[in-house]
Amino acid sequence: MTRKQRATLSDVASKAGVSPVTVSRAIRHPEMVSEKLRERINNAVRSLGYIPNHLASALASHRTNIVGVIVPSLTNGVFDDYLAAIQDVFSLANIQVLVTNVRYSAEKEEKAINTLLGYHPEAMILVGVDQTENSRQMLTNAGIPVVQTLDLTMRALQPLNIFTDRAMKALRI
């Protein structure tokens with residue numbers, strides 16, 4: 001089975017009879033494009049089934065609008081409300097939350113940290129403060145806000161280790 005080629009921004013531009021820059025502007029800042037032109041571009045987007053390439057956008061803007069969240073369990077009911085609250089807050093800022101379940105395993109947490117950091121998240125949120133030294137080093141070297149939650153310690157990676165309004169300010173949201 002061959003993979004179908006996805007429509008590109010240039011494909012939309014050709015179909016709408018505009019430049020790729022105009023398509024990008026219409027998608028990212030619709031208020032900057034006339035209603036008539038926006039409608040023409042939206043019709044081209046729909047007919048081609050175009051989905052914006054967030055990787056290309058992240059490369060251009062150096063922003064992924066992703067926050068990585070690592071939880072020890074998805075079956076423990078405590079984390080239902082925890083994840084819902086995180087999702088509620090970040091969705092208001094148009095930031096996507098990537099969640100990883102590590103099943104209370106330090107080894108899986110280390111791998112999850114490595115994987116999530118590969119997506120260049122804006123921040124990481126973890127449950128607890130007992131990460132391995134390698135995990136702590138990766139998080140420190142990432143140069144992003146790290147919020148350790150549901151535990152208090154003098155060994156926090158960053159001074160703020162409780163998920164509160166102050167944490168959101170630290171993440172600049």
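I began with strand 1 and strand 2, which run parallel and are joined by 6 bridges. I took helices (H or I, at least four residues) and strands (E, at least two) as DSSP runs, numbered from the N terminus, and I counted two strands as paired if DSSP finds at least two bridges between them. The model is predicted: local features need pLDDT of at least 70, side-chain atom pairs count only at pLDDT 80 or more, and totals for chains, interfaces and linings use all residues. Residues are numbered from 1 along each chain as its sequence is written, and side-chain values use heavy atoms, with hydrogens and water left out.

I put the pairs together as an open sheet of 4 strands in the order 2-1-3-4, with parallel pairing. Strand 2 (96-101) and strand 4 (146-149) are at the edges with a single partner strand each, so one side of each has no neighbour in the sheet. Neighbouring strands are turned by 15° against each other on average, direction ignored.

I checked burial for strand 1 (residues 66-71): 6 of its 6 residues are buried (under 20% relative accessible area with a 1.4 Å probe, protein chains only; exposed is over 50%, partly exposed in between). Ile66, Gly68 and Ile70 cover one side, and Val67, Val69 and Val71 are buried on the other.

Last, I turned to helix 1 (residues 9-16) and helix 2 (residues 20-28), whose axes come within 8 Å and cross at roughly 100°. That makes helix 1 roughly perpendicular to helix 2 (65 to 115 degrees; under 35 is roughly parallel, over 145 roughly antiparallel, the rest oblique). Leu9, Ser10, Val12 and Ala13 of helix 1 make the contact with Pro20, Val23, Ser24 and Ile27 of helix 2 (heavy atoms within 4.5 Å). Axes are lines fitted to C-alpha atoms, for helices over the stretch in contact, and angles run from 0 to 180 degrees between N-to-C directions.
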